[in-house]
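Trainee: Please take a close look at one part of this model and go through it in a single connected answer.

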Amino acid sequence: LSSGAAGVRDMSRRLTSKLVLERLDAVPDGAGGMHESWVALGVLWGEVKPRSGRESVGEAGQVSVTGFRITVHGAPQGHSARPLPEQRFRDAGRVFRINSVTEADAGGRFLICLCDEEVAT
């Protein structure tokens, strides 16, 4: 095997977290407003690595915000399996808001998603 093929195989072995990709859907509530809910788009397997954290103030008060680097298999621009900023990953009770998405390699075999997780403190 070439070193490139070995690298892809090694990366694929690290994609062990089952992540549900979700998008925000707004529908009319019948009273002139909108009801927002998250809709599952599919399941992606990823590698979840923490980056850095900080304290912040959220809608419900003090929150701890931790950055994560999540690597998933690549998908072309416009494909429904390609994560987008403002979407999110859900891993059981954890939620990772996607801030940016870029290719991890020149061939686009993997994508790197920079995400934040907010936890009330």
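Mentor: The side chains of R82 and E103 are joined by a polar contact of 2.8 Å; a polar contact is a pair of N or O atoms within 3.5 Å, where within protein one must be able to donate a hydrogen and the other to accept it, and residues adjacent in sequence count only if both atoms are side-chain atoms. This is a predicted model, in which local features need pLDDT of at least 70, side-chain atom pairs count only at pLDDT 80 or more, and totals for chains, interfaces and linings use all residues. Residues are numbered from 1 along each chain as its sequence is written, and side-chain values use heavy atoms, with hydrogens and water left out.

R82 lies in the loop between β3 (61-73) and β4; strands (E, at least two residues) are DSSP runs, numbered from the N terminus. R82 has a relative accessible area of 7% and is therefore buried (under 20%, 1.4 Å probe, protein chains only). Beyond its neighbours within four places in sequence, R82 has contacts (heavy atoms within 4.5 Å) that include Q87, V101, E103 and L111.

The strands that follow pair in sequence, pairing being at least two bridges found by DSSP. β4 (residues 88-91) runs antiparallel to β5 (residues 94-103), with 4 bridges. R88 is set opposite R97 in β5. The hairpin of β4 and β5 has 2 residues between the strands, and A92 has a positive phi near 55 degrees there.

β5 also pairs with β6 (residues 110-120), antiparallel, over 6 bridges. Here R97 stands opposite D116. This second hairpin has 6 residues between its strands, and G108 in the turn takes a positive phi of about 70 degrees.

Methods: Buried means under 20% relative accessible area, exposed over 50%, partly exposed in between (1.4 Å probe, protein chains only).
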